[in-house]
Amino acid sequence: MRRLAGALVLALVLSGGAASGLGAQQRSAARVGAELVIVNVVGAVVLAGGDQLIDSPEVWAQDARGFRQRLGVRGVQFAASAVAEVGLTAWRDESLAYVPCTCTGVGSRLQHAAWQAITVGRADGSRGFAWPIAIGAVVGGAASAPLLPASERLQWTLTRPLTTLLLRGVLNAAREVVR
């Protein structure tokens with residue numbers, strides 16, 4: 001657990017610190033990388049806390065040890081999915097960067113946030129379905145499944161893509177509401 005946290009913090013420091021000597025496109029990629037690390041760390045802690053509150057999986061106690069187990073599983077899930085997402089978007093020449101809405105109405109901004117949650121930016125400026133995110137979520141679920149009790153593995157792996165896209169939509173909506 002400490003190694004995972006250390007690796008995520010190191011990635012955050014390196015991606016933010018290295019950005020100063022780079023061009024605009026590289027700085028943008030470093031900013032997206034730093035944001036991805038922050039979202040993954042916060043997401044792992046928040047979802048592990050949610051799992052703790054609803055006692056999922058039930059075989060783990062609702063104490064500090066149970067929380068550590070849940071956080072470990074969520075940490076592996078988020079780390080594996082982030083690696084897959086970043087790798088696939090780079091390979092496909094796509095972007096995970098969020099593009100704020102230029103519209104003014106709340107409904108239009110929330111619709112834009114939902115659209116941005118299920119799509120990724122392409123090199124030609126268009127947007128396409130977020131395959132790297134969906135595949136990354138499956139990879140994350142599959143990577144963390146062996147750490148779970150056998151009764152939870154299939155459900156965990158199959159529900160991750162939907163949960164991930166839903167969480168992205170909520171985060172994007174928050175971005176639009178706050179700005």
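At the start of helix α3 in this predicted model, a side-chain oxygen of Asp63 comes to within 3.2 Å of the backbone nitrogen of Arg65. Asp93 is not a glycine, and its place is in the loop between α3 and β1.

Part of the way along α3 sits Ser81. Is this residue buried or exposed? Ser81 has a relative accessibility of 8%, and because buried means under 20%, Ser81 counts as buried. Its surroundings can be named too: leaving aside residues up to four places away in sequence, Ser81 touches Gly136, Ala137 and Gly140.

The loop that leads from α2 (24-54) to α3 deserves a look of its own. Asp55 lies in this loop, and its phi is near 60°, a positive value in a residue other than glycine. Pro57 has its place in the loop between α2 and α3 as well. The peptide bond that joins Ser56 to Pro57 is cis, with an omega near -10°.

Helix α2 itself contains Glu35. With a relative accessible area of 31%, Glu35 is partly exposed. Glu35 and Ala97 are 62 residues apart along the chain, and their C-alpha atoms are separated by 9.2 Å.

Attention now turns to the strands. Three of them make an open sheet in the order β1-β2-β3, with antiparallel pairing. Which strands stand at the edges? They are β1 (94-95) and β3; each has a single partner strand, so one side of each is left without a neighbour in the sheet. Strands of a sheet pair through backbone hydrogen bonds, and the pairing can be parallel or antiparallel. Here, β2 (residues 119-122) and β3 pair in the antiparallel sense over 3 bridges. In that arrangement, Gly121 stands opposite Arg127 of β3.

How many aromatic pairs does the structure hold? There is 1, formed by Phe129 and Trp131. The two rings lie 4.7 Å apart, centre to centre, with 70° between their planes, and the pair is edge-to-face. An angle over 60 degrees counts as edge-to-face, which is why the pair is given that name. Both members of the pair are partly exposed: Phe129 has a relative accessibility of 34%, and Trp131 has a relative accessible area of 46%.

Finally, a word on confidence. The chain averages a pLDDT of 79, and 82% of the residues score at least 70. Which elements of the chain have the lowest and the highest mean pLDDT? The lowest, 43, belongs to helix α1 (residues 2-17), while strand β3 (residues 127-129) has the highest, 92. Over residues 3-23 the pLDDT is below 50, and this stretch has 16 contacts in the model beyond near neighbours in sequence.

Terms used
Residues are numbered from 1 along each chain as its sequence is written. This is a predicted model: local features need pLDDT of at least 70, side-chain atom pairs count only at pLDDT 80 or more; totals for chains, interfaces and linings use all residues. Side-chain values use heavy atoms; hydrogens and water are left out. A polar contact is a pair of N or O atoms within 3.5 Å; within protein, one must be able to donate a hydrogen and the other to accept it, and residues adjacent in sequence count only if both atoms are side-chain atoms. Helices (H or I, at least four residues) and strands (E, at least two) are DSSP runs, numbered from the N terminus. Buried means under 20% relative accessible area, exposed over 50%, partly exposed in between (1.4 Å probe, protein chains only). Contact means heavy atoms within 4.5 Å. Rings of Phe, Tyr and Trp (its six-membered ring) pair if their centres lie within 6.5 Å; planes under 30 degrees apart count as stacked, over 60 as edge-to-face and the rest as tilted. pLDDT is the predictor's confidence in each residue, from 0 to 100. Two strands pair if DSSP finds at least two bridges between them.
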